[in-house]
Amino acid sequence: MTLQGAGVRCARLTVLAGLAMLQACATVANPDPRDPLESFNRGVFGFNDAVDRAVVKPVATAYRDITPQWIRTGVGNFFGNLTDVWSVFNNAIQLRGQDTGDSMGRVMINTTIGLGGLIDVASDLNIERHTSDFGLTLGRWGVGPGPYIVLPLLGPYTLREVVALPLDQQGNLVNQIPDEGTRTGLTVLNVVDLRAQYLRAGEVVEGAALDKYSFTRDSYLQRQRNRVYDGNPPEEDTDFGTDTK
Amino acid sequence: MDVLEYKALMKRQFLRTLGWTLLMAVGLSGAAMAEDEAPDVMIKRLSVDVLDTIKADKALRSGDMTKLVALVDERIMPSVNFQRMTASAVGPAWRQATPEQQKRLQDEFKILLVRTYAGALAQVSTQTVAMKPLRASPDDKEVLVRTEIRGVGDPIQLDYRLEKTPGLGTGWRIYNLNVLGVWLVETYKSQFAQEINAKGLDGLIVSLSDRNKANSKKG
């Protein structure tokens with residue numbers, strides 16, 4: 001319940017930040033049909049970016065500098081194994097035999113021989129990971145992505161992923177732990193570990209982008225589409241926006 | 001004894017000469033065949049070459065940007081149609097640009113992308129490249145070559161679009177690149193359109209060159 005309270009407060013803060021941004025740029029010069037909420041999204045994006053700079057990134061950097069590589073690998077493997085559990089379910093309801101079998105095999109091997117998921121034995125055995133969540137399942141069932149939405153603290157989403165979010169949260173085994181302290185601790189560790197993995201990639205994006213917001217959005221939407229179509233998306237008319245003068 | 005030793009020496013000399021001749025023959029035929037290199041073979045050769053060079057060089061492995069940029073410039077860029085890449089990222093406005101503007105756009109965009117690519121290469125440690133089957137017919141003018149970078153963690157999808165350029169280089173040039181499902185040119189399209197709509201082509205050139213200046217300050 002306290003988490004929900006914090007969420008509401010964050011949302012309020014974000015709305016304020018969003019309003020401030022709205023005043024700064026009330027109209028979007030070159031609207032993208034996939035992003036009708038751009039003004040609002042930019043506000044939230046700015047807020048998330050500020051939180052990242054002030055808290056998440058420094059903590060992740062310290063974590064990377066303090067802990068030895070083998071610990072970080074173990075932590076990453078542990079959470080990866082939990083992700084595989086949720087992938088088993090989603091691959092199964094998508095009726096993907098091979099992917100379901102692989103994911104199940106990964107979980108069984110890594111949980112036992114891999115000491116509760118700390119060692120990724122399955123990858124060494126060349127059993128491929130097929131990450132899947134309910135948002136992806138909806139996409140493969142034919143549900144369209146809907147508008148792009150940046151959520152406070154959580155980052156880029158499409159409406160479809162937002163709709164799937166409650167179920168995906170349930171599917172994350174960390175959220176099934178009854179003890180609140182352990183649950184929060186593990187969630188924080190997961191976030192810090194993920195951010196630490198993307199520190200260098202983040203720097204590359206930082207250097208590559210003219211406008212970090214558009215860069216992130218366009219990459220995210222392409223990436224999601226690519227996942228739904230299994231790495232083979234049909235050609236789309238990518239000229240939108242460029243010829244509206 | 002002396003005669004035997006002499007014979008052994010001659011034999012070694014002969015073998016060595018034979019070896020060199022064979023090597024040169026292989027090298028020459030390799031050069032002759034380069035004209036007809038298949039697109040996936042070319043990508044494989046470039047990838048293996050770059051990955052192996054990085055693994056073998058301590059300065060490159062530790063992320064020496066100047067050396068990494070030089071590596072990309074020397075090994076990859078000759079096989080890239082950079083004008084086409086810039087033109088499609090800029091979109092319809094490209095045709096309205098003066099030759100001078102086109103040149104500046106191309107130069108600045110090139111600096112930005114080479115540096116970005118070099119930054120990504122700085123993270124190479126034990127990775128290897130795996131080729132996915134090529135689905136193309138011999139008379140295709142444009143093909144999609146799909147690869148996967150395998151190393152620590154999940155494999156990274158890395159695809160290339162190539163165009164046939166008969167009589168130019170190895171016969172194929174890259175004009176778009178896809179990392180994890182994200183096409184490079186498409187990712188720049190709306191950013192460029194935004195700048196052009198707000199500040200015109202010259203505004204875009206200024207933004208690009210500002211970005212590059214900021215990047216080079218970071219070292």
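Here are my entries on chain B.

Ground rules: this is a predicted model, where local features need pLDDT of at least 70, side-chain atom pairs count only at pLDDT 80 or more, and totals for chains, interfaces and linings use all residues. Residues are numbered from 1 along each chain as its sequence is written, with chains lettered from A and ligands numbered from 1 in the order written.

Fold. I got 8 helices and 5 strands for chain B, taken as DSSP runs numbered from the N terminus (helices H or I, at least four residues; strands E, at least two). From the N terminus they read α-α-α-α-α-α-α-β-β-β-β-β-α.

Burial. Of the 219 residues in chain B, 27% are buried, meaning 20 or more other C-beta atoms within 10 Å of the residue's own, with C-beta atoms placed from the backbone.

Chain A side. I found 27 residues of chain B in contact with 24 of chain A (contact: C-beta atoms, placed from the backbone, within 7 Å). Helix H7 (99–121), strand S5 (182–183) and helix H8 (184–218) of chain B each give two or more residues. H8(B) supplies the largest share, 13 residues.

Sheet. I looked up the strand order: an open sheet, S1-S2-S3-S4-S5 (chain B), paired antiparallel (pairing takes at least two DSSP bridges). S1 (128–131) and S5 of chain B are at the edges with a single partner strand each, so one side of each has no neighbour in the sheet. S3 (156–164) and S4 (172–179) of chain B run antiparallel, joined by 7 bridges. Asp159(B) sits opposite Asn178(B) of S4(B).

Technical notes
Buried ≥ 20, exposed ≤ 12 C-beta atoms within 10 Å, placed from the backbone. Contact = placed C-beta atoms within 7 Å.
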